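Have the viewer open while you read.

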Amino acid sequence: MNLQLALDRMSREDCFQAIEDTKESIDWIEVGTGVIKEYGMEIVREIKKAFPHKTLVADMKTCDAGKHEAVQAFEAGADITTVMSFSADQTIKDTLKVAEDFHGRIMIDLLGVKDEARIRELSDIGVDLVSLHFGKDMQETGEMQEEDLFTLVKHYPHLQVAVAGGINLGSLPSILDHRPDTLIVGSGITKSSDRQDTAVKMKGMITNYEANDSNRQR
Ligand SMILES: O=C(CO)[C@H](O)[C@H](O)COP(=O)(O)O
């Protein structure tokens, strides 16, 4: 399982500091939507240059003009760019084509999706990577209902699944039980008092879970 550090609502300097603090523990770096809106594609370019061996996710949250935005993300050095699941099918097809041209990937953000029918459509279009997402504003009045979220994708074992939305040291163990491919953690690390320690602990929990899981499966 990958640990993806999400950089949201942070200054440029703090983004770089957070990566430095956690780089031994994280696998993927996400440049958050708000950070891209603040600093433009330049910050994606700069982070890729500084950390070329990390998988870089540009959280573009594209919902239209897919071809153009996907080209922007990949030209800036992103390995993965995000597209909203409610986008027109044509938008998703266009971004998948651009990703193929750039040898990159599209992650479909399932924010707000409640119906498995959309997952089937996305899968039929050729999507292979999705993120189950309990949004920042939703977190103000509730908590992620993991069972509901993971139920959406349970009939699609070929999909790689990321999960995001207020994950912290306390909620991580129960999320691990759903065996996502990627755990996206933002404020659970970036707002913790010791980012390095939190990231080390999270990565350790993931590694332990995987070791015990493979023992169980043998
Ligand atoms: O995409 C996002 C917000 O739209 C965040 O990256 C995602 O929700 C992870 O952040 P946090 O762990 O703080 O919820």
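This is a predicted model: local features need pLDDT of at least 70, side-chain atom pairs count only at pLDDT 80 or more; totals for chains, interfaces and linings use all residues.

1. UniProt lists residues 2–202 as "domain: Orotidine 5'-phosphate decarboxylase", and the entry is unreviewed.

2. How do the strands run in the barrel? Eight strands form a closed barrel in the order 1-2-3-4-5-6-7-8, with parallel pairing. Neighbouring strands of this sheet are turned by 25° against each other on average, with direction ignored. As background, strands of a sheet pair through backbone hydrogen bonds, either parallel or antiparallel.

3. For a look at one pairing, take strand 3 (residues 55–62) and strand 4 (residues 80–84): they run parallel and are joined by three bridges. Val57 stands opposite Ile80 of strand 4. Helix 5 (residues 89–102) lies across strand 3, strand 4 and strand 5 (105–109), and helix 5 runs at about 150° to strand 5.

4. Now to the ligand, which is surrounded by 16 residues. The closest are Ala6, Ala164, Gly166, Gly186 and Ser187. Strand 8 (182–185) and helix 9 are the elements that give two or more residues to this shell. By class, the shell has five nonpolar, seven polar and four charged residues.

5. Helix 9 (residues 187–190) also holds Thr190. Is Thr190 buried or exposed? Thr190 counts as buried because it has 23 C-beta neighbours inside 10 Å, and the cut-off for buried is 20 or more. Leaving aside neighbours within four places in sequence, the contacts of Thr190 are Leu7, Met10, Ala18 and Arg195. Of these, Met10 is 180 residues away from Thr190 in sequence, yet their C-alpha atoms are 8.9 Å apart in space.

6. Two backbone angles deserve a glance. His103, in the loop between helix 5 and strand 5, has a positive phi of about 55° although it is not a glycine. With 8 other C-beta atoms within 10 Å, His103 is exposed.

7. The other is Arg179, which sits in the loop between helix 8 (172–176) and strand 8. Arg179 is not a glycine either, but has a positive phi of about 50°. Which side of the burial cut-off does Arg179 fall on, buried or exposed? Arg179 has 12 other C-beta atoms within 10 Å, and 12 or fewer counts as exposed, so Arg179 is exposed.

Note on methods
Residues are numbered from 1 along each chain as its sequence is written. Helices (H or I, at least four residues) and strands (E, at least two) are DSSP runs, numbered from the N terminus. Two residues are in contact if their C-beta atoms, placed from the backbone, lie within 7 Å. A residue is near a molecule or strand if its C-beta atom, placed from the backbone, lies within 6 Å of it. Ala, Val, Leu, Ile, Met, Phe, Trp, Tyr, Cys and Pro count as nonpolar, Asp, Glu, Lys and Arg as charged, and the others, Gly among them, as polar. UniProt positions are given in the numbering used here, feature names are shortened, and annotations may be inferred rather than shown by experiment. Two strands pair if DSSP finds at least two bridges between them. Axes are lines fitted to C-alpha atoms, for helices over the stretch in contact, and angles run from 0 to 180 degrees between N-to-C directions.
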